[in-house]
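Subject: Structure handover

Hello,

Here is the structure for your files. My notes on what turned up in it follow below.

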Amino acid sequence: MFGPCGTRIKKDIRPWLQLERSLSDNSIEAYLRDVDKLTQYLQSAGTLKAP
């Protein structure tokens, strides 16, 4: 559904949210949904290009 850039961001941010922020699974999923929405918006606006 999302390009490699969005997938990489989600892959990189999940451990940080778990370890550094000690967030619950529900909070992490909410953050990742927000990342998906932001990635979609940036791609549709032509601001974010996949590597």
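In these notes, a residue is called buried under 20% relative accessible area, exposed over 50%, and partly exposed in between (1.4 Å probe, protein chains only). This is a predicted model, in which local features need pLDDT of at least 70 and side-chain atom pairs count only at pLDDT 80 or more, while totals for chains, interfaces and linings use all residues. Residues are numbered from 1 along each chain as its sequence is written, and side-chain values use heavy atoms, with hydrogens and water left out.

Overall make-up

The chain has 2 helices and 0 strands; these are DSSP runs numbered from the N terminus (helices: H or I, at least four residues; strands: E, at least two). Of the 51 residues in the chain, 18% are buried. The accessible surface is about 4000 Å², and carbon and sulfur atoms account for 53% of that surface. Areas were computed by the Shrake-Rupley method with a 1.4 Å probe, and for residues only the protein chains shown count as cover.

Salt bridges

The search of the whole structure gave 2 salt bridges, a salt bridge being a side-chain nitrogen of Lys or Arg within 4 Å of a carboxyl oxygen of Asp or Glu.

One of them joins Asp-36 to Lys-10, with 3.4 Å between the closest N and O atoms. Asp-36 belongs to helix α2 (residues 25-44) and Lys-10 to helix α1 (residues 4-19), so this pair links distant parts of the chain, 26 residues apart. Asp-36 is buried at 15% relative accessibility, whereas Lys-10 is partly exposed at 26%. Apart from residues up to four places away in sequence, Lys-10 touches Leu-32, Val-35 and Asp-36, where contact means heavy atoms within 4.5 Å.

Glu-29 forms a salt bridge with Arg-14, and their closest N and O atoms are 2.8 Å apart. Because Glu-29 lies in helix α2 and Arg-14 in helix α1, the pair ties together parts 15 residues apart in sequence. Glu-29 is partly exposed at 34% relative accessibility, and Arg-14 is partly exposed at 31%.

The loop

Ser-22 sits in the loop between α1 and α2. Its relative accessible area is 57%, so Ser-22 counts as exposed. Ser-22 is not a glycine, yet has a positive phi of about 50 degrees. Most residues other than glycine have a negative phi.

Regards
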